[in-house]
Amino acid sequence: MRLDNVRLFGSDKYLSIEVDEATGEIINIISSSIPMPTTKNGTNLLGMYITPGFVDTHIHGAFGYDVCDMDSASIIEISKGLAAKGVSAFCPTTMTISLDKLYKTIDAVWNAKKSLELDDTPHADILGLHLEGPFLNPSKCGVQNVEDSILPSNASEVIDYIENNYPGLMKIVDIAPEMEGGIDLLSKYSDKYVFSIAHSEADYDVSISAFNAGAKSVTHVLNAMNPMLKRAPGILGAAIDSDVYVEVISDGHHIHNSYLKLLYSDVLEKSVITVSDSMRGAGMPNGLYDLGGVEVEVRDGRTYFGKDGNLAGSVSCLTEEFANLFNAGINPARIINSMTVTPLRRLGLCDLTSYEELIDIGSMATFNIFDNNAKMIGAINRGKILWLDEV
């Protein structure tokens with residue numbers, strides 16, 4: 001298969017990309033400053049743009065399924081659906097639920113990952129587990145179940161059980177470092193996992209202590225934490241001063257676009273990570289959906305729960321967030337990096353600094369196709385065109 005006259009988003013060069021259909025790998029790339037003749041077996045993508053497949057390291061569910069369904073089939077369905085939405089890899093993300101349900105959920109993630117590793121049909125790879133809870137501050141739990149929260153001082157038994165039974169699966173562990181035992185837990189395990197400050201009342205000083213103890217990240221920044229104020233810069237201010245990774249939900253509901261421009265500026269250029277934090281209502285019609293045992297309303301692209309109509313995750317996907325950020329005037333290269341190489345760097349899975357390096361001979365032909373307004377018009381996964389609109 002050949003893809004002719006496509007341009008990498010942010011580049012003026014026309015590319016002809018040859019793909020081995022048996023393996024899905026790129027076997028040749030020809031670059032030109034002008035459009036090239038379409039090859040006999042080629043698909044002419046003149047006027048279209050590609051990016052690598054996106055990486056979502058914080059996602060609870062979509063398409064009517066949830067990671068915490070405790071069913072590997074649900075996670076596999078999420079994986080298959082994400083491929084068509086332009087996501088090539090993801091971290092299934094848990095909620096604060098009972099330990100019995102949590103362990104059954106992790107078992108389901110483990111089995112889904114093993115199954116997908118043997119599957120050469122289109123799907124998003126499971127990179128590892130993102131444990132959001134139970135080591136959170138009850139006062140900032142939001143939709144998370146307060147009764148199932150666990151102090152960091154009691155976390156070792158949980159972490160050791162997961163590692164002993166599912167070695168290497170857990171990648172990201174969320175924590176409120178101000179809770180009892182928080183800093184000690186970081187010091188004990190930070191060389192094994194990516195600890196991320198989340199659902200926390202930590203101030204600037206506590207956050208700095210957490211980063212010094214080994215925390216490497218902030219989960220859905222500015223949500224479920226204190227705001228950044230002029231004399232109390234909080235978790236975000238500490239993150240800026242510590243050069244750690246910062247997750248951002250960029251759906252236009254969780255953070256105002258004016259703040260997004262700051263987060264994607266030079267200040268956090270190399271550390272910002274775009275995530276969906278989506279729940280099972282993503283990709284579904286308006287209605288009521290379960291999230292961790294709580295009834296959440298999905299209405300017109302937003303989630304609502306409780307008497308105040310608070311947010312409870314998103315119903316967005318990364319390709320939609322790409323369009324939102326692009327239309328907000330943010331540099332496309334920074335957006336794409338935040339959805340590709342930067343989340344992979346956070347997990348220690350690559351040391352690249354630019355998404356352009358992901359499209360090369362020998363790499364998998366997994367691309368998102370956009371028009372020049374960042375509207376997604378097609379998806380290719382493992383060398384297979386999943387869909388492609390006329391332009």
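**Entry 1: pockets**

I began with the second largest pocket, whose lining splits into 9 nonpolar, 7 polar and 2 charged residues. I count Ala, Val, Leu, Ile, Met, Phe, Trp, Tyr, Cys and Pro as nonpolar, Asp, Glu, Lys and Arg as charged, and the others, Gly among them, as polar. The model is predicted: local features need pLDDT of at least 70, side-chain atom pairs count only at pLDDT 80 or more, and totals for chains, interfaces and linings use all residues. I number residues from 1 along each chain as its sequence is written, and side-chain values use heavy atoms, without hydrogens and water.

The second largest pocket holds about 310 Å³ of space. Its lining has 18 residues, and Gly53, Ser88, Leu358, Met364 and Thr366 are the closest to its centre. A pocket here is an open set of points on a 1 Å grid over the protein atoms alone, where a 1.4 Å probe fits, with protein on both sides within 12 Å along at least five of seven lines; lining residues have an atom within 4 Å of a point. A volume is the space filled by probe spheres set on the points, which are joined across faces, edges and corners.

I then looked up the largest pocket, with a volume of about 360 Å³. Of its 22 lining residues, His199, Ala224, Leu311, Ala312 and Gly313 are the closest to the centre. This lining divides into 10 nonpolar, 9 polar and 3 charged residues.

**Entry 2: the sheet**

I found 6 strands in an open sheet, in the order E11-E12-E13-E14-E15-E16, with parallel pairing. E11 (129-131) and E16 (272-275) are at the edges with a single partner strand each, so one side of each has no neighbour in the sheet. Strands (E, at least two residues) and helices (H or I, at least four) are DSSP runs numbered from the N terminus. Two strands pair if DSSP finds at least two bridges between them. E15 (245-249) pairs with E16 over 4 bridges. Val246 has Val272 of E16 as its bridge partner.

**Entry 3: helix H3**

Which residues of H3 (156-165) are buried? I list Ser156, Val158, Ile159 and Ile162. Buried means under 20% relative accessible area, exposed over 50%, partly exposed in between (1.4 Å probe, protein chains only). Glu157 and Asn164 are exposed on the face turned away.

**Entry 4: Arg334**

Arg334 sits in helix H9 (332-338). Arg334 is buried, at 18% relative accessible area. Tyr264 is 70 residues from Arg334 in sequence but 7.0 Å away in space, C-alpha to C-alpha. Beyond neighbours within four places in sequence, Arg334 is in contact (heavy atoms within 4.5 Å) with Tyr264, Ser265, Asp266 and Glu269.
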